[in-house]
Amino acid sequence: MDTIDKQILKLLSENANTTATEIGNTVNLSVPAVNKRISRMQKEGIIDFFTVVTNAKKLNKTVTAFVFIVMQYGDSVASLLEYAKKEPDVLECYSITGEYDYMLKICAKDIESLEEKILRIKNNKGVMKSHTMISLMEHKLMPTVLPDMDEEV
């Protein structure tokens, strides 16, 4: 990956709808060269997929919470992970170190809806303990990891 690839990633992370023409004008490459680089980065797994970032408020999902979970290990972990994958309001799920085993980021339309989702999580076999933190305000959302511009990748 060179500096031009990094610039292309930065442009696409800011707006995935940026055209190859616009990217080419910015990085001084032809449209076919830009498309070739994007295609190569997809094949190499640097770009996993293109997606949309929605506005939670406009979709009436104004409550965001982080639920920390302690699990009894065994088959119960698979059950929790399956639930997290299938539930569209579970936005992220991580196994973590420390006092808790998993952290889920959940969106909900209101506190009552959030409580319902948390109760469903607690009803999963093997969930021993949970701790919920409600987000007051989102100050930064960066859904894309970018390489450092000054380092070789």
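Helices here are DSSP runs of H or I with at least four residues, strands are runs of E with at least two, and both are numbered from the N terminus. With that in hand, let me start with Asn28, which sits in the loop between α2 and α3.

Before I go on, a word about the model. It's a predicted one: local features need pLDDT of at least 70, side-chain atom pairs count only at pLDDT 80 or more, and totals for chains, interfaces and linings use all residues. Residues are numbered from 1 along each chain as its sequence is written, and side-chain values use heavy atoms, with hydrogens and water left out.

Okay, back to Asn28. Its phi is positive, about 60°, although Asn28 is not a glycine. Is Asn28 buried or exposed? Asn28 is exposed, with a relative accessible area of 68%. The cut-offs go like this: buried is under 20% relative accessible area, exposed is over 50%, and partly exposed is in between, using a 1.4 Å probe and protein chains only.

There's another residue of that kind, Asn60. Phi of Asn60 is near 60°, again a positive value in a residue other than glycine. You'll find Asn60 in the loop between α3 and β1, and Asn60 is partly exposed, at 49% relative accessible area. And while we're on positive phi, look just after α3: Gly45 has one too, about 85°.

Helix α2 covers residues 20-27. Which residues of α2 are buried? They are Ala20, Ile23, Gly24 and Val27. These residues cover an arc of only 100° around the axis, which puts them on the same side of α2. The arc, by the way, is that of the directions from the helix axis to the C-beta atoms. What do the buried residues of α2 pack against? The partners are α1 and α3. By contact I mean heavy atoms within 4.5 Å.

Thr21 and Pro32 are 11 residues apart in sequence, and 9.2 Å apart in space, C-alpha to C-alpha.

So how do α2 and α3 meet? They pack at an angle of about 100°, with their axes 8 Å apart. That makes α2 roughly perpendicular to α3. Axes are lines fitted to C-alpha atoms, for helices over the stretch in contact, and angles run from 0 to 180 degrees between N-to-C directions. Under 35 degrees counts as roughly parallel, over 145 as roughly antiparallel, 65 to 115 as roughly perpendicular, and the rest as oblique.

Which residues make that contact? On the α2 side it's Ala20, Thr21, Ile23, Gly24 and Val27, and on the α3 side it's Val31, Val34, Asn35 and Ile38. Those residues of the α2 and α3 contact divide into six nonpolar, three polar and no charged. For the classes, Ala, Val, Leu, Ile, Met, Phe, Trp, Tyr, Cys and Pro count as nonpolar, Asp, Glu, Lys and Arg as charged, and the others, Gly among them, as polar.

Next, α1 with α3. Helix α1 is residues 3-14, helix α3 is residues 31-43, and they pack at about 85° with axes 11 Å apart. So α1 and α3 are roughly perpendicular to each other. Ile4, Asp5, Ile8, Leu9 and Leu12 in α1 meet Arg37, Ile38, Arg40 and Met41 in α3. The residues of this contact of α1 with α3 are six nonpolar, no polar and three charged.

Staying with α3: its buried residues are Val34, Arg37, Ile38 and Met41. They cover an arc of only 95°, which puts them on the same side of α3. These buried residues pack against α1 and α2. The face turned away from the buried side carries the exposed residues Pro32, Lys36 and Lys43.

Last stop, further along the chain. Asp89 lies in the loop between α4 (75-86) and β2 (90-95). Asp89 is buried, at 10% relative accessible area. What does Asp89 touch, not counting residues up to four places away in sequence? Lys61, Lys105, Ile106, Cys107 and Lys117. One of those, Lys117, is also among the buried residues of α5, along with Ser113, Leu114, Ile118 and Ile121.
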